[in-house]
Number of protein chains: 2
Amino acid sequence: MEFVATPARLSTTDAQFEHDFAQRLHWSADTDAAIEQRVADILADVQKRGDAAVLDYTARFDGLQAGSMQTLELRKEELKAAFDGLPAEQREALESAARRVRSYHEAQKKANGESWSYRDEDGTLLGQKVTPLDRVGIYVPGGKAAYPSSVLMNAIPAHVAGVEDIIMVVPTPQGVKNPLVLAAAYVAGVHRAFTIGGAQAVAALAYGTATIPKVDKITGPGNAYVASAKKRVFGLVGIDMIAGPSEILVLADGTTPPDWVAMDLFSQAEHDELAQSILLCPDAAYLDAVQREIDRLLPEMPRKAIIAKSLSDRGALILTRDMEEACALSNRIAPEHLEVSSRDPHRWEPLLKHAGAIFLGAYTSESLGDYCAGPNHVLPTSGTARFSSPLGVYDFQKRSSLIEVSEAGAQVLGKTAAVLAYGEGLQGHARAAEMRIKR
Amino acid sequence: MEFVATPARLSTTDAQFEHDFAQRLHWSADTDAAIEQRVADILADVQKRGDAAVLDYTARFDGLQAGSMQTLELRKEELKAAFDGLPAEQREALESAARRVRSYHEAQKKANGESWSYRDEDGTLLGQKVTPLDRVGIYVPGGKAAYPSSVLMNAIPAHVAGVEDIIMVVPTPQGVKNPLVLAAAYVAGVHRAFTIGGAQAVAALAYGTATIPKVDKITGPGNAYVASAKKRVFGLVGIDMIAGPSEILVLADGTTPPDWVAMDLFSQAEHDELAQSILLCPDAAYLDAVQREIDRLLPEMPRKAIIAKSLSDRGALILTRDMEEACALSNRIAPEHLEVSSRDPHRWEPLLKHAGAIFLGAYTSESLGDYCAGPNHVLPTSGTARFSSPLGVYDFQKRSSLIEVSEAGAQVLGKTAAVLAYGEGLQGHARAAEMRIKR
């Protein structure tokens, strides 16, 4: 069977551009009421029956029969054996990626994640103490989308933050384990791991069971059941963003080899038929050249069926008036991955307000960032980069305000606080402030 | 009618301590299915009918008839007039509090909220760009719990972050406006304000209507309808934590005047019958003294009915073996407000892992922090300090990773990425990395 990838060809000068553009971008995050109800039931059952419920659902959904939860734990030795059993090339690649991801997140912690305080003129101390979470759960998808790189990207920032207990869950349908995932857990220093998944794994981590310890936060991507379960337990535990389909937007000035850009668009499209790849460029001939490379390269791709469908249904090559307009459109999209494939990326970067990760220059393919450049590949999708951030050390830390009011400070602050507290009708607050004022 | 406040008297050496302690702490965040359904309907209706739906619900729930949304907007002049009409003492208190809150949040931004980057040995640039959200919505409760201080605490960090469009919503049942709330909006520099509330206001901010602009994030406390609505729109927009009842925990070494501590317990209890005030101290005689002050001071308190019920139902005076044990118990509670009422607070502070805000020393009453010390009073409640943080500048910022791989870097990283990508079966990713490698 032959596949054809025909991303929509749009131009910002077309009369119907706004309409076509909106239609391409449209993606409905509508929740499925049946899934919602099913998940609510699973959560309630795990909360009530604990391990027994998790075992039942694991048997039913993953086809994995286990006599006890203990047998579903992956021991350290098994993780190490998986690592030792890999070809040297894969062992080295995992370790090298882990090293770079670790060093980037250490820099992140140092730049933005340390405690701070100062004293004001009255000697009053003000600041924030930054501390790691005690225990976190990392959800790693199993089956067709089992990504060892995601194990590194979730576990390493938690480690760098100082989390002492990192619990990984990964479903292993029919008991089939992915050695790269196990090896990544070993390299990333996951503390405990269980072969469970779905809403039942989220429930076990959120409520705790006799075997699975209750965690403070759950991160990591998953299918619709996992996303729904995470949203439901939010508040009892912390969660990271709910992930939608993955997207790439390439801003090109026409100087990057067109086959590089075509392959970058493929590398997003190959994830999923719902993934979105968009190219913005002010040069129509360059868009033609990229389309030619798409046509030429597609037949070579093992995942050509997915790529063709994703590009044809959701992809777009958009002709813009100039690079400035391309940047403005990019801000409207707020893409997860944003490549600035230009000879002069630092000219455009300041114009870019919303994006999960910005890849600057022709050499910075998204795939380098996905695996080993260092920054996290867990990024806000579906326009949520307007208000949220890449997964980072900060997701595994929390802050406590520090306040030490001096005796002198209490005299001044006490009056202000009392006036405002009486104004709000909170006399206890006012009196507590006034008691510290010397008569 | 006479009121009596009888917090539970517990001791960690009691055989049934664990049971009694767990019972005191128990608070069910269970959601009400009827509220959930009602909120889902309101959200869907506002999404469909926009302004017309908001007007209908405002008439129905707030008893406020308005011919158009325009008449529900509070103009700048009206906010200024409210401020100008206040007694000088209140004007000065608001401005002084705003100044201190601003200066604390500026320090916070400088310490933990600036962009950063570095180049590695290959010349590859790695970092994060920190940028403000474009537009945020601030929910301010109306009616009996209308707190001008909350306006400052929500709007000022947004301002400091650099948010250019801060939209406040505040319900005004029967059209009654609170001049202190309006004045606080003026002082805090809110950009637009509307007298709407409830789930309909959250919906208007999340979806946008003809009159209310769609925002990127919604912060601020509210009742069960507001909390449920925020949780439902989470993902489409950002939200801050869902707030539960307020709590204070006082760790006392017995050196603070007992009436100060009694009043600090009141200042929490007076918020709400569900609020929780707990005192931990290794000195039984001191606990007796605080109870005597509670009995003596209660009759003077205008909100004595609420205080008595809150302390009797949910309060506790707990005798611990020593201060170390008190610190350990505090970590189990992860309180919203934590007073270290000790002569030597810096001895105990390092032992305290989980708390929204830590108030050090006898002069630092919680009420000073609530109004004007500088740190934010929007804090994680109900044990969520285990994984979340005070509202801050960081809630109004987001981050974009920056990656610029040099040509030399691409040669090294390309190999690692390709090995891992092939291992995950993502050939497009691998090829994109390999194309940047020189042959």
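In this predicted model, A:Asp370 lies in helix α15 of chain A, which comprises residues 366-371. A:Asp370 is one of the positions that the unreviewed UniProt entry annotates as "binding site", and its contacts include A:His337 and B:His429.

**Positions annotated as "binding site"**

- The unreviewed UniProt entry gives this annotation to A:Gln268, A:His271, A:Asp370 and A:His429. These residues do not all gather at one spot, because they span 162 residues in sequence and the farthest two C-alpha atoms are 55.8 Å apart.
- A:Asp370 counts as buried because its relative accessibility is 7%, under the 20% limit.
- Beyond its sequence neighbours within four places, A:Asp370 touches A:Ser149, A:Met153, A:His337 and A:His377, together with B:His429 from chain B.
- A:His271 is located in the loop of chain A that runs between α10 (258-269) and β11 (276-281). With a relative accessible area of 25%, A:His271 is partly exposed.
- Apart from residues within four places in sequence, A:His271 is in contact with A:Tyr147, A:Ser246, A:Arg303 and A:Ile306, and also with B:Leu426 and B:His429.

**Positions annotated as "active site"**

- UniProt lists A:Glu336 and A:His337 under this heading, again from an unreviewed entry.
- A:Glu336 occupies the loop between α13 (323-333) and β13 (337-341) of chain A, whereas A:His337 belongs to strand β13 of that chain.
- A:Glu336 has a relative accessible area of 5% and is therefore buried; A:His337 is buried as well, at 2%.
- The side chains of A:Glu336 and A:Ser246 are joined by a polar contact of 2.8 Å.
- Once residues up to four places away in sequence are set aside, the contacts of A:Glu336 include A:Pro245, A:Ser246, A:Glu247, A:Gln268 and A:Ala357.
- With sequence neighbours within four places excluded, A:His337 is in contact with residues including A:Ser246, A:Glu247, A:Gln268, A:Phe359 and A:Asp370. Of these, A:Gln268 and A:Asp370 also carry the "binding site" annotation.

**A buried aspartate in chain B**

- B:Asp264 is part of helix α10 (residues 258-269) of chain B, and counts as buried at 0% relative accessibility.
- A polar contact of 2.7 Å links the side chain of B:Asp264 to that of A:Arg436.
- Beyond four places in sequence, B:Asp264 touches A:Ala432 and A:Arg436 in chain A, and B:Ile248, B:Glu339 and B:Ser365 in chain B.
- B:Ser367 is 103 residues from B:Asp264 in sequence, yet their C-alpha atoms are 7.8 Å apart in space.

**Nonpolar core**

- In soluble globular proteins, nonpolar side chains tend to be buried together.
- The largest nonpolar core has 66 residues, of which A:Ile196, A:Ile218, B:Ile196 and B:Ile218 touch the most other members.
- Leaving out neighbours within four places in sequence, B:Ile196 is in contact with residues among them B:Val54, B:Met69, B:Leu72, B:Val169, B:Val170 and B:Ile212. B:Thr58 and B:Pro171 are also among the contacts of B:Ile196.

**Cavities**

- Three cavities of 30 Å³ or more are present in the structure, and the largest cavity holds about 50 Å³ of space.
- The lining of the largest cavity consists of B:Gly220, B:Pro221, B:Gly222, B:Asn223, B:Ala227, B:Lys230, B:Met241, B:Ile242 and B:Ala243.

Note on methods. Residues numbered from 1 in each chain as written. Chains lettered and ligands numbered in written order. Predicted model: local features only at pLDDT ≥ 70, side-chain atom pairs only at ≥ 80, totals over all residues. Heavy atoms only, no water. Helix = DSSP H or I, 4+ residues; strand = E, 2+ residues; numbered from the N terminus. Buried < 20%, exposed > 50% of the residue type's maximum accessible area, 1.4 Å probe, protein only. Contact = heavy atoms within 4.5 Å. Polar contact = N/O pair within 3.5 Å; in protein donor to acceptor, adjacent residues only side chain to side chain. UniProt positions renumbered as here; feature names shortened; annotations may be inferred. Core = buried A, V, L, I, M, F, W, Y, C linked by side-chain atoms within 4.5 Å. 1 Å grid on protein atoms, 1.4 Å probe; cavity = no way out; pocket = protein on both sides within 12 Å on 5 of 7 lines; lining within 4 Å. Points joined across faces, edges and corners; volume = space filled by probe spheres on them.
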